[in-house]
Amino acid sequence: MKLKCPICKEPTDSERTAEFPFCSARCRERDLGNWATGKYKIAVPMMDESEPEETETNERAQPEPSDDDE
């Protein structure tokens, strides 16, 4: 797979470069440093943690009748 390095925009190839998708270890380490210093941020949470997750069905589980109920 061929892409451009996300740091320096040089062409990189997954079959030739061990640091893919980066073109070099330097660019890979620079990207890691960007994450570590907070340069990259996730703009919006993937899920609103204040709201409980919805269940797939609204039905409540009914207990199975036992032989003792007779």
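A salt bridge is taken here as a side-chain nitrogen of Lys or Arg within 4 Å of a carboxyl oxygen of Asp or Glu. This is a predicted model, in which local features need pLDDT of at least 70 and side-chain atom pairs count only at pLDDT 80 or more, while totals for chains, interfaces and linings use all residues. Residues are numbered from 1 along each chain as its sequence is written, and side-chain values use heavy atoms, with hydrogens and water left out.

**Overall layout**

The chain contains 1 helix and 2 strands, in the order β-β-α along the sequence. Helices (H or I, at least four residues) and strands (E, at least two) are DSSP runs, numbered from the N terminus. Of the chain's 70 residues, 13% count as buried. Buried means under 20% relative accessible area, exposed over 50%, and partly exposed in between, with a 1.4 Å probe and protein chains only. Among contacts (heavy atoms within 4.5 Å) with a separation of 6 or more, residues 24 or more positions apart account for 7%.

**Salt bridges**

Side chains of opposite charge can pair when their charged atoms come close.

| Asp13 | Arg16 | 4.0 Å |

In the pair of Asp13 and Arg16, Asp13 counts as buried because its relative accessibility is 11%, whereas Arg16, at 73%, counts as exposed. In the other pair, Glu19 is partly exposed at 22% relative accessibility, and Arg28 is partly exposed at 36%.

**Helix α1**

Helix α1 covers residues 25-36. Its 12 residues reach 16 Å from the first C-alpha to the last, close to the 16 Å expected at 1.5 Å a residue; the expected span is 1.5 Å times one less than the number of residues. The buried residues of α1 are Cys27, Asp31 and Asn34. They lie on the same side of α1 because they cover an arc of only 55 degrees around the axis, the arc being that of the directions from the helix axis to the C-beta atoms. An α-helix has 3.6 residues a turn, so residues three or four places apart point the same way. Arg26, Glu29, Leu32 and Ala36 are exposed on the other side of α1.

Arg30 also belongs to α1 and counts as partly exposed, with 46% relative accessibility. The C-alpha atom of Arg30 is 7.8 Å from that of Ile7, 23 residues away along the chain. Gly38 follows α1 and has a positive phi, near 85 degrees.
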